[in-house]
Amino acid sequence: MKFTKTHEWIAKVGDVYRVGISDYAQSHMNDIVYAESEADGSEVKKGERLGTLESVKAAEDFFAPIDIKVIAFNDILADAPETVNKAAETDGWIVEVEVMNEGQLDELMDESQYKEFLSTLE
Amino acid sequence: MEKLIFEMSAKGYENIFLPEENLNIEFNIDKNLLKAETLDLPEVGELDIIRHYTRLSQLNYSIDTNFYPLGSCTMKYNPKINEEISAYSEFKDLHPYMPEHSVQGILKVMYDLQNYLIDISGLSAVTLLPSAGAHGELAGNFIMAKYFKVKGEEQRKIMLIPDSAHGTNPASTVMAGFKPVQITSDENGYIDIEQLKPYLNDELAGIMITQPNTLGIFDPNFHIIAKMIHEAGGLVYMDGANMNAMLGHVKPGDIGADVMHFNLHKTFSTPHGMGGPGSGPVAVRDFLVEFLPIPIVEKRGENYKLNYDIKHTIGNIKEGYGNIGVIIRALVYFLSLGQVGLKETTDIAVLNAAYMKAKLTKKYHIKYKTLTKHEFVLDNKYQEEKGIRTLDIAKRLLDYGYHAPTIYFPLIVHEAIMIEPTESESKKTIDEFIDIMLKIADEAETDPELVKTAPHNLHFKRFDETRAAKQPILRWKK
Amino acid sequence: MKYTQLSQEDINEMLQVVGISDIKELFKDIPENEKYTYKYLQEKGLTEIELRELFSNYAKSDHDILDYKSFLGGGFYQHFIPSIVYSILARSEFYTAYTPYQPEVSQGSLQMIFEFQSMISEITGLPISNASMYDGATAFTEAFLMAYRLFRGKKKKFLYAESVNPIYKNVLKTYMQFNPNFQMEEIPTRNGKLDIEYLRNHIDEDTAGVGISYPNFYGQIEDLGEIVKIIKDNKSIAIATYYPIVSSVLKTPGEIGFDIVVGNGQSLGNPIYFSGPTFGFFSTKMDFIRQMPGRLISETVDEDGKRGFVMTLQTREQHIRRERATSNICSNQTLNTLAAAVYLSFIGKHGFKKLGERILKLTAYAMQKFKEVGICIKYDPKRIFNEFVLDIDNSSEIVKKCLDKKIIAGISLEKLTDENGLLIAITEMNSTRDIDALIKAIKE
């Protein structure tokens, strides 16, 4: 699992990659009531908006960790968007993607680097 | 708990309102256009309807019952003479297509209000068409866009907007094709001038500034900023939501604004009506008059006319001529106060706020120490240590019978508490509110749970807004 | 007049607390303004005695036009307004309340708006309705912008019927003119109705939405079913602007298949007020809710499980989403929706149907009488609800002539549309006697 400074993660699960937001990021949002992403098949460049998570009084964008193409949105979130709150880094993944350039993965932080990064934030 | 009006129906009941008319005639209309069923509307008698809506009204908080310290909303007294006059049948029953010679009175009302707004804007012409502040912003942005189009400078797309702005500013400007760029404030709460400099080029469309800003701070550099924007070929839009802090003291046109909107439902005492109708007239500098939306009222000789012949008009922005009922109320207000009363309005609004701020800052933190005008923004920094959020303070105020101030806005103050007392309130009312605010600060120290779990004394506890967002129920169904 | 409440003693005491000796010091950051002079406003305020006298004079100078019999329509219609509407509107707990941001102390407004949303959904035949837009024309425009968002900006063409109210079309054009992405195309009118073949040939995969009027500006009811089918087959959004009184007897646009239904709600309990304030209504399907503009009120429960109402899905709105909001609308026309809620409660399920039938009968009466005196009504008489065009080519002269008889005959189309004619609207406020007088005045 690799992390970005804007608190997204990307990880290989089986044959595909999944993208979500980190547990740290979800803890800074109230109950998530809605999740949406760019449409299946969209290509999104690193750092561009990949989708939005909404609580009652806030809408937070999340961004593509690297260049990707959206394969599928996590259906569970359509009925149970709070899954992101409950399990941000497992069942609460948001989109399955195709990675356009695997080399970019190396530019991201691994888990321990991300932890260290978080400790500098507060 | 009040039932829904639909739940009060007696099956088959109807009120009688159509006079007898002996019409032995068949419908002409194609039968397959007719529908089979009647709509599910209420079946309730007159008295029960009156009781239902009267009881609903009593569940509301309103200016006429209590102090309403909502920052940024200017919840001032709505004079009753405004209501009386605006309800004259000779105004409210006019149809927009009645012949011009027969509606001279209402056209004069509109013409006079245009002029009084010109007076206090320091600009050249006014349109009364916009239905609300945001609608005025949109009209103003259309005017700016058309100006650049006619001038052949359509590449000017960058609209600078301070981070303290109302959300309507960026939302309106994108609808006119501009690209909002956020400018941050400095430690005084002023616009950071250095940040403007990279944008002073031929892609700059202009800047939208709320003056005084949503912190209640009058930016003394406004005219300097305006000069910089003008020299770069851009235009200066002033959001006039806070005009209650400027009447009789300074005119937007004199400090460099080219376009601005008023909120008649804030500054000029027309009621907020649970969310509307408002009215958001727009004033423009001389070189923008030829872009105004149509129609505007003009006087030719002794006659008032609706003028549709405006050279580069942006076009129609709404049906008809404006929210006329609101416009009449604002004109009555202008006339009832005159120059003297308008200035006094601002003087007292600012004094009330200054007094309240002086007393409340003993126990509440204020981020910006700068001089403020008609409103000021506190936060929960002192109470936060006890785990108390601004929302808790707001809900505790409800327990004491006060509407909460505006909270969590402006966004540049973490956990903001934005208070605007207006000129309407007596010292007694203000003192009582101050006492309660200080009492809540004490409670936060001694009994934080009491504050965190408020409200306690109301008919309702906190509502489940998460459920409403996830599974909205937006209508009654049988 | 004076609306402040401080005594000089209060002021002195307050200045002392603030730590200043003169109010002027609170304005020391504003440069002394020598130029602050007034060109128009007088120095002193007026008293109530003077204000009443002044405004009665303005009111009187509005002629005796209210004594005239009127057949004006064109988007604003004279309808009966029950006395209880004005009585409830005068309750200042409603009109002096702000937007219901604090639900615990705003249940009156919130429940009222919820009831209003429910009634509008009945009238449009679509499941969700917002808390109001400014008017019909801006609602119509917002419907197109919503259609554009529904396709994530991938479809850029908007088709609208020539037969839509000219002001609605003009507002639409105003809003669209600064976005080079949008393509607008007008569907011409043939025989008073939208040219179906033209629609069929010009709708394409790039078409986001098609907007028509029900009934149209000429009073004609379009071939709605066929229009909707063409739009649906093309996977575009079907938009209708709607005269809500029609729902009393005719099929609702939702039932016919429209995706977004908007209109001016003035007819529902609001005085015409020389064009405003009225309100715009806006209904759509549940699937489209995320792209809807304007406020929405939802039922929910409080911590004790008691039913109550809150503003919901605010993340669509400008105060949260700023430049990415579904609309810039903030203040709307809620007080006018209160008038509509009280009006529809009073008129009621059965009264509303009778109202529609009365209007249909009076219209049939008028058309028959015109026929008897040899004045032709343009277009298809079987597709008229309450408004129709008289086939006369000197309409502005006729209007003038009738004014002498204290009758406002209708709207001359001479300058408004391509074809001349006189647009006449009939409502329950016109008696058969009024109609007879109108015909006599035109015929003379």
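How many residues of chain A are in contact with how many residues of chain B? In this predicted model, 7 residues of chain A touch 4 residues of chain B. I shall begin with that interface and then turn to features inside chains B and C.

Between them, chain A and chain B bury about 460 Å². Of this area, 58% lies on carbon and sulfur atoms. The size of an interface is often expressed in this way, as the accessible area lost when the parts come together. Charged side chains also take part, and the count across this interface is 2 salt bridges. One of these pairs is Lys470(B) with Glu82(A), whose closest N and O atoms are 2.9 Å apart. On the side of chain A that touches chain B, the residues divide into 4 nonpolar and 3 charged, with no polar ones. As for polar contacts, the rule finds 1 residue pair across the interface of chain A and chain B, counting residues that are both at pLDDT 80 or more.

Is Asn169(B) buried or exposed? Asn169(B) is buried, because its relative accessible area is 0% and the cut-off for a buried residue is under 20%. Asn169(B) belongs to helix α6 of chain B, which covers residues 168-175. Once its neighbours within four places in sequence are left aside, Asn169(B) is in contact with Glu137(B), Ile161(B), Met208(B), Thr210(B) and Asp239(B).

Chain B also holds a salt bridge between the side chains of Asp40(B) and Lys478(B), at 3.4 Å from N to O. Asp40(B) lies in the segment before α1 (46-58) of chain B and Lys478(B) in the segment after α14 (465-470), so the pair ties together parts that are 438 residues apart in sequence. Lys478(B) itself counts as exposed, at 79% relative accessibility.

I turn next to chain C and its helix α5, residues 107-124. Does the length of this helix agree or disagree with what its residue count should give? At 1.5 Å a residue, the 18 residues should span 26 Å, and the end C-alpha atoms are 25 Å apart, so the two values agree. Helix α5(C) is mostly covered, with 18 of its 18 residues buried. Gly125(C) follows α5(C), and the phi of this glycine is positive, near 75°.

Two salt bridges of chain C deserve a word. In one, Glu317(C) pairs with Arg316(C), the closest N and O atoms being 3.9 Å apart. Both partners are buried: Glu317(C) is at 4% relative accessibility, and Arg316(C) has a relative accessible area of 3%.

In the other, the side chains of Lys378(C) and Glu419(C) meet at 2.9 Å, N to O. Lys378(C) sits in the loop between α12 (334-372) and β13 (387-390) of chain C, and Glu419(C) in the loop between β15 (411-412) and β16 (422-425), so this pair ties together parts that are 41 residues apart in sequence.

Over all chains, the count comes to 64 salt bridges.

Notes. Residues are numbered from 1 along each chain as its sequence is written. Chains are lettered from A and ligands numbered from 1 in the order in which they are written. This is a predicted model: local features need pLDDT of at least 70, side-chain atom pairs count only at pLDDT 80 or more; totals for chains, interfaces and linings use all residues. Side-chain values use heavy atoms; hydrogens and water are left out. Contact means heavy atoms within 4.5 Å. Buried area is the accessible area (1.4 Å probe) that two parts lose on being put together, summed over both. A salt bridge is a side-chain nitrogen of Lys or Arg within 4 Å of a carboxyl oxygen of Asp or Glu. A polar contact is a pair of N or O atoms within 3.5 Å; within protein, one must be able to donate a hydrogen and the other to accept it, and residues adjacent in sequence count only if both atoms are side-chain atoms. Ala, Val, Leu, Ile, Met, Phe, Trp, Tyr, Cys and Pro count as nonpolar, Asp, Glu, Lys and Arg as charged, and the others, Gly among them, as polar. Helices (H or I, at least four residues) and strands (E, at least two) are DSSP runs, numbered from the N terminus. Buried means under 20% relative accessible area, exposed over 50%, partly exposed in between (1.4 Å probe, protein chains only). The expected span of a helix is 1.5 Å times one less than its number of residues.
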